[in-house]
Amino acid sequence: MSYRYWAMRTNARSKDQEKSALERRLLSAAARLFAERGFHRAGIRDVAQAARVSIGTVYHYFRSKEAILECLLRGEIERRRRFLDELRARGEPLEAQIRAIMAEHFALFRERKDVARLIRREWLDPTPGLHVKTQRIYDEGAGYLAQVIEEGIAAGKIQPCDPVLTAYAMLGAVEAVALRLSASGKSAARVADQAAQELTAFLWSGLCPTT
């Protein structure tokens, strides 16, 4: 490999990394703005100012603010799918799978607060044309959790119930606790992990058949 070719490859990788870092910066700024102000009250100019770039730079990466929102939602969907695929591959016991799903839902509100707040806003006041993607974020986790619950019912390890309704109720409980922790300032990893474990143990005990 010639030095010139190596230098060109290195320069190309460096530019790709810079592009990726700038795109992440734009998405992070947009998520924060959309979460704080609401999607309809924040414009491309606001995103540019928050990210400290020109308006032209924003348009270089995204054709519209709808495209930014779609990218944020798609990123969370893909992240959740990867998590669920890995969880399936591990083949863990039912209780362990439920604990993992609950912990992942907690992580959304602890580690990706702006995205979590944005998703919640979009859930309550959906943007036309993109509400399906917001719904899919909830459906991905709830759908898999419902499957686990259904398997548990069939195996006699979980008492009879509506799997889908129960799954959404469990994730709703996680969301309520996570939001409460965030509002009270108790969002440290240790506190959140303890809350996730205690809530999961409580909900699991309610699922188990009574003797």
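Helix α4 has 26 residues, and at 1.5 Å a residue it should span 38 Å; its end C-alpha atoms are 38 Å apart, so the two values agree. The expected span here is 1.5 Å times one less than the number of residues in the helix. Helices (H or I, at least four residues) and strands (E, at least two) are DSSP runs, numbered from the N terminus. The structure is a predicted model, in which local features need pLDDT of at least 70 and side-chain atom pairs count only at pLDDT 80 or more, while totals for chains, interfaces and linings use all residues. Residues are numbered from 1 along each chain as its sequence is written, and side-chain values use heavy atoms, with hydrogens and water left out.

Of the 211 residues in the chain, 41% are buried, where buried means under 20% relative accessible area, exposed over 50%, and partly exposed in between (1.4 Å probe, protein chains only). Among contacts with a separation of 6 or more, 69% are between residues 24 or more positions apart; a contact means heavy atoms within 4.5 Å.

Next comes the inside of the protein. The largest nonpolar core holds 62 residues, and Phe-34, Ile-68 and Ile-98 have the most contacts inside it. Helix α4 (residues 65–90) gives the most to this core, with 10 residues. At least three residues come from each of domain 1 (1–63) and domain 2 (71–210), with bounds taken from an automatic or database domain assignment. A nonpolar core is a set of buried Ala, Val, Leu, Ile, Met, Phe, Trp, Tyr and Cys residues joined through side-chain atoms within 4.5 Å. Leaving aside residues up to four places away in sequence, Ile-68 touches Leu-27, Ala-30, Phe-34, Ile-44, Val-47, Val-58 and Phe-62.

Just past the end of α4, Gly-91 takes a positive phi of about 60°. Helix α5 (residues 94–111) has 18 residues and reaches 25 Å from its first C-alpha to its last, close to the 26 Å expected.

The structure holds 9 salt bridges, each a side-chain nitrogen of Lys or Arg within 4 Å of a carboxyl oxygen of Asp or Glu. In one of them, Arg-79 meets Glu-76 at 3.8 Å, N to O. Both residues lie in helix α4, 3 residues apart, or about one turn of the helix. Glu-76 is buried because its relative accessible area is 3%, whereas Arg-79, at 36%, counts as partly exposed. This pair also belongs to a network of salt bridges that links Glu-76, Arg-79, Glu-104 and Arg-112.

Another salt bridge joins Arg-90 to Glu-92, with the closest N and O atoms 3.1 Å apart. Arg-90 has a relative accessible area of 44%, so it is partly exposed, and Glu-92 counts as partly exposed at 27%. The side chains of Asp-46 and Arg-37 meet in a salt bridge too, at 3.3 Å, N to O. Arg-37 counts as partly exposed, its relative accessibility being 38%.

Finally, the UniProt record (an unreviewed entry) places the feature "DNA-binding region" at residues 43–62. UniProt positions are given in the numbering used here, feature names are shortened, and annotations may be inferred rather than shown by experiment. In the model, residues 43–62 are 75% helix and 0% strand, and the end C-alpha atoms of this span lie 12 Å apart.
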